[in-house]
Amino acid sequence: MKKVTMLVNARDVQGHINPEIYGHFSEHLGRCIYDGIYVGENSDVPNVEGIRTDIIEAFRNIRVPVLRWPGGCFADEYHWKDGIGPKENRKSMVNTNWGGVTEDNSFGTHEFLKLCELVGCKPYINANVGSGTVQEMSEWVEYMTSDNQTPLTQLRAQNGRKEPWKVQYLGIGNENWGGGGCMRAERYVDEYRRFQTFCRNHSGNELYKIACGPNADDYQWMETLMKNLQHFMVKGIDLHYYTVYDWAKKGHATEFDEEAYYKTLVSANRLDTILTRHTEIMNRYDPDNQIGLVVGEWGCWYEVEEGTNPGFLYQQNTMRDAIVAGMELNIFNRHCKRVVMANLAQAVNVLQSVILTRDGKMIKTPTYHVFDLYKEHQDADAVYCYTQEDYSGENVPLVTSSASVKDGTMTLTLTNTSLTEEVCIESEIVGLDCSRATARILTDEVHAYNDFDSPDRVGIRDWAAQVEGRTLHLQLPPCSVVSVTLEK
């Protein structure tokens, strides 16, 4: 057994963990929306206005704080007026980005915002710069948020919604360095400045405008944005980073060897360096942290499951993915002074999803359970948490961790990344008078996953933790994610 020492100082506050760091992403991609979240009012699957009730309950349980929609790449081909009004009159479209399927636009603005109301989360609308117009985006904002008497608000009322919605987060374009227009950073900055000018704050609704940020480690893109955009123009910059160790051959979601496991974790841990370097650039131009860093898409990306549409990006989800989720959520917590939001890609049936569905069945993936373990970090203050440096593989920390305090209670989350080594944690807790520790754990063989025949194979269970004086004692089995609650 490997002994690892830690130090947690509750007096040393590192920043505030916005609930939005635990956000999710829902794109018109594969079976994320249709069959996943939305089945229609006439479905035999229990639903509320076409939205699956089991999805609503599962999202509520992990306190989903914000949901990004309608893309992704889909956003820069989406024209919002096609998705409002009587469903039988809505214009169909071909989803050229994802599988070439025809969509009937039965899930649009009203349906998405109803979903957010039912879940109790904030909407993050990603609007069309790539193939859209300034007028189209400006009118969408007015349609959703204005309570003035205008043709657009009258149209909204005609479509069943008299009162405006509160829509805080507005993404102005998506991946405009790629599928959103193949723009140079300088061109995108000019487009952003033009589009955002006409996105108004209506009727007390204040927009949090989010610019398309860099692809992973494109530091020049970040430099260009920060140099040319002031905080009164932009509130957030949306970075995308996927955990992929080889883009040419992404590997299989469930069939992988030890080498592939540790390479995946190396890729996950690289996010810490990327966030650090982008933060350094942002600090030079914005030392007062008026512009937030949004990680709008993150998660593992493998080859699709055999027999599924390659454009649907459907993959299984194992304990390897749970370890990645635990590592990266710990990274976001530690960077919370600058990182204000993160959106896992994607919520249902796509990439590293938290939920998989098949007809009327639903399963929660190991990644879902990590969000359950970590949910008490939401809206807490991140505090100093040092873990003794040790490695389970080349450049893979043996233990990753983060800690936060809210209302006098500390939440400590840890991952043991080793496939073979059990870890004994001894952690000194400074600045918090705690006499009681409870813990929950997610652990299994690294290839383990939940499927429709065994939906509960991988799940959370109670775990032993003990406090003696100011020292926490805790054992971490190999390949495990643990959450500890420390109370007075």
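**View 1. Surroundings of G180 in the predicted model.** Leaving aside neighbours within four places in sequence, G180 is in contact with D76, G130, N174 and E175, contact meaning heavy atoms within 4.5 Å. The model is a predicted one, in which local features need pLDDT of at least 70, side-chain atom pairs count only at pLDDT 80 or more, and totals for chains, interfaces and linings use all residues. Residues are numbered from 1 along each chain as its sequence is written, and side-chain values use heavy atoms, with hydrogens and water left out. G180 sits in the loop between β9 (169-172) and α5 (185-197); helices (H or I, at least four residues) and strands (E, at least two) are DSSP runs, numbered from the N terminus. G180 counts as buried because its relative accessibility is 2% (buried is under 20% relative accessible area, exposed over 50%, partly exposed in between, with a 1.4 Å probe and protein chains only).

**View 2. Helices α5 and α6.** The axes of α5 and helix α6 (residues 219-228) come within 9 Å and cross at roughly 40°. Axes are lines fitted to C-alpha atoms, for helices over the stretch in contact, and angles run from 0 to 180 degrees between N-to-C directions. The two helices, α5 and α6, are therefore oblique to each other; angles under 35 degrees count as roughly parallel, over 145 as roughly antiparallel, 65 to 115 as roughly perpendicular, and the rest as oblique. Their crossing is right-handed, a crossing being left-handed if the near helix is turned anticlockwise from the far one by less than a right angle, and right-handed if clockwise. On α5 the contact is made by A185, E186, Y188, V189 and R193, and on α6 by W221, T224, L225 and N228. By class, this contact of α5 with α6 has five nonpolar, two polar and two charged residues (Ala, Val, Leu, Ile, Met, Phe, Trp, Tyr, Cys and Pro count as nonpolar, Asp, Glu, Lys and Arg as charged, and the others, Gly among them, as polar).

**View 3. Helices α3 and α4.** Helix α3 (residues 134-145) and helix α4 (residues 151-158) have axes that come within 8 Å and cross at roughly 55°. That angle makes α3 oblique to α4. The crossing in which α3 passes α4 is right-handed. E139, E142, Y143, M144 and T145 of α3 meet L152, T153, L155 and R156 of α4 in the contact. The residues of the contact of α3 with α4 divide into four nonpolar, two polar and three charged.

**View 4. Nonpolar cores.** The largest nonpolar core has 125 residues, of which F59, F112, Y188, L275, W298 and F332 touch the most other members. A nonpolar core is a set of buried Ala, Val, Leu, Ile, Met, Phe, Trp, Tyr and Cys residues joined through side-chain atoms within 4.5 Å. Helix α7 (residues 258-285) gives the most to this core, with 10 residues. Neighbours within four places in sequence aside, F59 is in contact with V64, V119, A347, V348, V354 and I355. Another core, of 29 residues, lies apart from it, and its members include A10, I425, L432 and A439.

View 5. A465 belongs to strand β24 (residues 465-468). With 19% relative accessibility, A465 counts as buried. Its contacts, leaving aside neighbours within four places in sequence, are A437, A439, L472, H473, L474 and V484. A465 and F371 are 94 residues apart in sequence and 20 Å apart in space, C-alpha to C-alpha. F371 is one of the buried residues of α9. Helix α9 (residues 366-374) is mostly covered, with nine of its nine residues buried.

**View 6. Backbone geometry in loops.** The peptide bond from W69 to P70 is cis, with omega near 5°, and P70 is placed in the loop between β5 (66-69) and β6 (93-95). A345 and Q346 are also joined by a cis peptide bond, with omega about -10°. Q346 lies in the loop between β13 (339-345) and β14 (355-358). L351 is in the loop between β13 and β14 and has a positive phi of about 50° although it is not a glycine. L351 is buried, with a relative accessible area of 2%. N289, in the loop between α7 and β12 (292-300), has phi near 55°, a positive value in a residue other than glycine. N289 is partly exposed, at a relative accessible area of 27%.
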